[in-house]
Structures are given as structure tokens and as C-alpha cells.
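Good morning, and thank you for making time for this item.

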Amino acid sequence: MSNAETDGAALHGGVVVEGDRPTGAPAVDVLSARDVPLGGPRAMRVRRTLPQRARTLIGAWCFADHYGPHEVAVSGGMNMPPHPHTGLQTVSWLFSGEIEHRDTLGTHALIRPGEMNLMTGGHGIAHSEVSTPGTTVLHGVQLWVALPEEHRRADRDFQHHVPGPVQVDGAVIRVFLGSLAGRTSPARTFTPLLGAEIVVEPRATLTLAVDAAFEHGLLVDSGDIRLIDTVLRPAELGYVPPGADTLTMVNETDAPARAVLIGGPPFGEEIVMWWNFVGRSHEDVVKAREDWEASSDRFGVIEDFPGGPLPAPALPNAVLTPRRNPPSR
């Protein structure tokens, strides 16, 4: 997935709402989503909760797009021509529909509901994403993970994992990255991470043991979920800082509620994120853009894609500055 936002103010806009909390309870900040076009003003629109001014990362998670359910006949679906990535891993997770993925490793794979595709674009990779002709409703999330300095030039890689459902009291969990509820994903990452889909039964309460060294984010897809003491509504992301060794979720609706839980230890490095590149300096981004526009071997070529690559937008008339999360309150 390509990031159409290239203005620093837009990338870091957003609102944080603090829930009322009892003394001693872990803080939950509510990060609101903003509506942005995917790849152009007439493209499919997505709801973006990371990054924004209040929070650049949750663990190493640096980007979260939530889209659908889109009627493909109305929205046109997803049609992303070959585009580049550096310094990150992409995590694709669908609730409904199907997307065809091609990349410059030679991978030709389908993204299906309940199946994770994890692509590494360290030094450089390019891929395309197109919803399949049989897809009528497209609905899912696209997440990016920043690579740490020692691995941010890692070789291209692609992994596929189908997590089995874990039935716990009041919920079904699918762990696609890291460990939760007694399940561990075999997918390889460069920092400790957690990623899981959670479906909570109507009016049920779920309490999960989690790593207290992690910060966590719960992105709600459907239903109203009370995370600890704060109600999260669809498209909102609740942030919990390190220190909590359990997370309690209550589905406050009469239908199943679905969310994606992400987490990881705080990412201690500053990053520069512009378009589809994650680096450490303005110069990193300039070089990556130059290499993409020059059709450099750094990114490779998708030979069988019907159409040309996505051109890079113009750089802003300012030096891109590194960012990290604001100090904890």
C-alpha cells in the first residue's frame, strides 16, 4: 500500500482524547482516524490512525490504515501499481475480499481474510496490490513496521502465515505476529512485536495477559469496546503505555465486536517517514526517491504488471526532520 500523504503536518495531525480513569489505572489515549485517499484524490479512501502528531509509533508500528467495508462496484476497489518501500515491513490483513500481491522478489500471492502477508523492504523493494475480479467487498487493515538501525537495509523478503483461531472465554483470537493467548506466530520480525485479530462476543468481557514491557494499541473495526476504562468506537485506536500486564476488553454491543491489537517495546530511535520510505534523515529520503525515479536496481522491476510504476511525489520545500514519540505524560 502506498502513502498518499506527503505533507508533514498532515502526517502528524489528529486528536487525542483521554478517557476518565480511576486512580492507578493504566492510561488509555484515544487516537482518532483521519480520512485520506489511497494513492490519489479519486482513489479508495482509508482511515489512518498512525502516524499523527500525538503518536508517531506504537512499538515499532509506524503506520496503520483501516479501510472498508467498501463495495468494489462503487469504490473501484484497490488498484495500486508498483511502488517502492524502504526501511520497513508491511503487514497485510483482510477481513473480507481478496488482493493480488506481486513484488520484485518474484512473489505472486493472494491476500485473503485471516491470512497474513509480511513483506520486508529494507534496502528497497517494490510491489503492486490489486483487488481481484471476484472481490465484491474489500475490508481490512494495512500496517507498517519501522526497522531498527542495524536492520533497516535488510534484504527483500516475503512471508505468509495463516494463524489458527484460538477460542478463549468470550472471544476468538488470531495471532499473526508475536505471542498472545498461548499462541506464537512463526513470522520473523526485527524487533519484538504483537499483532492479533480479536473478535469479542456480544456483551462479553475478555482479559488477556500481555507483556508489561510493551506499549499497546487496539484498533476497533466494529462494535464499541471498552478498553480498561475507556470506550473505543469503530476506527478509533486506543493506546496503552508500558506497564500493564493485562488488558481487559468489554464488548458493549449486542453483536460481535472486532479489533486488531498491536504492540511492542517502545522504539527508541527517531525516524523520518515520507511517502513510502522510512529512513533516519532527509538525505535518506532524497536518495531513495532519486533511486526510484531512476528505475534503480535498488527496487527491482515487476515484469508482468499491466501498466507503469507509481511516480514519486515532489519533495516538500523544507528539510524533513526526524521524529519520535512525545515524552510520556
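What follows is a short account of a cavity and of several salt bridges.

Please note that this is a predicted model, in which local features need pLDDT of at least 70, side-chain atom pairs count only at pLDDT 80 or more, and totals for chains, interfaces and linings use all residues. Residues are numbered from 1 along each chain as its sequence is written, and side-chain values use heavy atoms, with hydrogens and water left out.

The structure holds 1 cavity of 30 Å³ or more; a cavity here is a set of points on a 1 Å grid over the protein atoms alone where a 1.4 Å probe fits but cannot get out. The space in the largest cavity is about 30 Å³, the volume being that filled by probe spheres set on the points, which are joined across faces, edges and corners.

Which residues line the largest cavity? They are Thr-90, Ser-92, His-101, Ile-111, Asn-117, Met-119, His-127, Glu-129 and Phe-158, where a lining residue has an atom within 4 Å of a point. Strand 7 (88–96), strand 10 (116–121) and strand 11 (125–131) each give two or more residues to this lining; strands are DSSP runs of E of at least two residues, helices are runs of H or I of at least four, and both are numbered from the N terminus.

I turn now to the charged pairs. A search of the whole structure finds 18 salt bridges, each defined as a side-chain nitrogen of Lys or Arg within 4 Å of a carboxyl oxygen of Asp or Glu.

In one of them, Arg-48 meets Asp-65 at 2.6 Å, N to O. Arg-48 belongs to strand 4 (residues 45–50) and Asp-65 to strand 5 (residues 61–71), 17 residues apart. Both Arg-48 and Asp-65 are buried (buried means under 20% relative accessible area, exposed over 50%, and partly exposed in between, with a 1.4 Å probe and protein chains only).

A second pair joins Asp-284 and Arg-152 at 3.3 Å, N to O. Asp-284 sits in helix 3 (residues 282–293), while Arg-152 is in the loop between strand 12 (137–146) and strand 13 (157–161), 132 residues apart. Asp-284 is partly exposed, at 23% relative accessible area, and Arg-152 is buried, at 10%. Both also belong to a network of salt bridges that includes Glu-149, Arg-153, Glu-269 and Arg-280.

How values were computed: On a 1 Å grid over the protein atoms alone, a cavity is a set of points where a 1.4 Å probe fits but cannot get out, and a pocket is an open set with protein on both sides within 12 Å along at least five of seven lines; lining residues have an atom within 4 Å of a point.
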